[in-house]
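Here is a short report on the sheets of this model and the helices beside them.

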Amino acid sequence: MMNKYAVFGNPIEHSLSPVIHENFAKSLQIQLTYTAILGSIGKFESEAKNFLANGGEGFNVTLPFKQDAFKFSDIKSDISNITKSVNTITYKDGIIYGDNTDGIGFIKDFTQNLGQNIKNKKILLVGAGGAAMGVIPNILMELPKELKIYNRTELKAQNLANQFKALGPIDILDQNNINKVNFDLIINATSIGINNLKFSLPSNTFNKNTICYDMSYGNASRSFMIWAEYNNLKFYDGLGMLIEQAAESFFIWQNKKPNITEELKNLLRKKL
Ligand code: ATR
């Protein structure tokens with residue numbers, strides 16, 4: 001029987017995950033189906049159960065179901081337990097396993113694909129929602145010099161800093177100090193670009209070598225890209241992170257590591 005996988009989300013029609021997983025499967029000569037499923041709000045559990053009852057061996061989970069997927073899992077990975085969110089479900093021998101590959105996806109893209117590193121770096125993470133939370137533990141595990149969280153609603157940044165302070169040097173960047181420090185890496189984890197709003201940070205937050213990384217891609221990363229380019233800073237979008245988190249999920253399911261090719265990246269860029 002063919003391996004059956006899917007991604008649950010809402011909205012889901014623009015998801016690139018089916019193309020990515022079909023490409024991985026083809027390159028490794030594995031037969032599988034991978035479909036995008038529009039989940040209904042408030043019905044995650046029943047719809048997910050239904051998918052597994054009908055031969056599904058696993059699925060990815062995207063917004064807004066990652067917390068539901070955490071609750072849905074019988075056995076959670078360490079990283080999922082830290083962030084209380086799951087993006088990869090595996091169903092085996094009647095047991096539902098939950099994992100989260102978002103954080104490792106970012107680290108792999110940033111370090112392996114882009115050849116950068118986190119160790120001893122001063123990092124500014126802008127945003128304090130689910131996307132920001134998903135990468136914090138993995139960033140701290142790479143031993144940065146400091147990780148500052150900056151958010152429009154400062155209390156949310158403070159809550160995240162408190163939640164993760166046992167894992168490493170994390171703190172908030174408050175309005176009073178925003179003009180006093182500059183960073184090696186600035187990561188955008190806000191939804192500013194999704195809403196096509198202007199992104200801006202004071203010029204003291206960067207120097208000429210600062211790297212900008214947006215966790216989103218396509219139009220959603222445009223606001224931050226425009227700001228980074230205006231300031232002559234090196235900019236990367238999150239397409240590589242998307243592919244890497246998918247590769248990690250694929251590995252969890254199939255125990256095989258897909259090869260990430262430029263051809264796949266180009267194909268995805270055309271679809272954005
Ligand atoms: P996600 O799960 O994608 O992280 P989210 O939880 O809604 O989405 O978080 C969105 C983030 O973008 C938040 O940090 C939000 O700031 P607030 O906590 O103040 O709401 C940030 N954000 C969204 N629109 C913004 C804007 N116009 N200016 C600044 N920050 C914004």
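This is a predicted model: local features need pLDDT of at least 70, side-chain atom pairs count only at pLDDT 80 or more; totals for chains, interfaces and linings use all residues.

Strands S5 and S6 are joined by 5 bridges. They run antiparallel. The sheet around them is open and has 6 strands, ordered S2-S1-S3-S5-S6-S4. Its pairing is mixed. Which strands stand at the edges? They are S2 (32-38) and S4 (75-76). Each has a single partner strand, so one side of each lacks a neighbour in the sheet.

A further open sheet has 6 strands in the order S9-S8-S7-S10-S11-S12. Here the pairing is parallel. Strand S9 (170-172) and strand S12 (234-236) stand at its edges. Each pairs with a single strand, so one side of each is left without a neighbour in the sheet. Direction ignored, neighbouring strands of this sheet are turned by 20° against each other on average.

Helix H5 (residues 102-113) lies across strand S10 (183-188) and strand S11 (206-214). H5 runs at about 135° to S11.

The two bridged pairs described by count are set out below.

| Strand pair | Residues | Bridges | Direction |
|---|---|---|---|
| S5 and S6 | S5 residues 88-92, S6 residues 95-99 | 5 bridges | antiparallel |
| S8 and S9 | S8 residues 146-150 | 3 bridges | parallel |

Terms used:
Residues are numbered from 1 along each chain as its sequence is written. Side-chain values use heavy atoms; hydrogens and water are left out. Two strands pair if DSSP finds at least two bridges between them. Helices (H or I, at least four residues) and strands (E, at least two) are DSSP runs, numbered from the N terminus. Axes are lines fitted to C-alpha atoms, for helices over the stretch in contact, and angles run from 0 to 180 degrees between N-to-C directions. Contact means heavy atoms within 4.5 Å.
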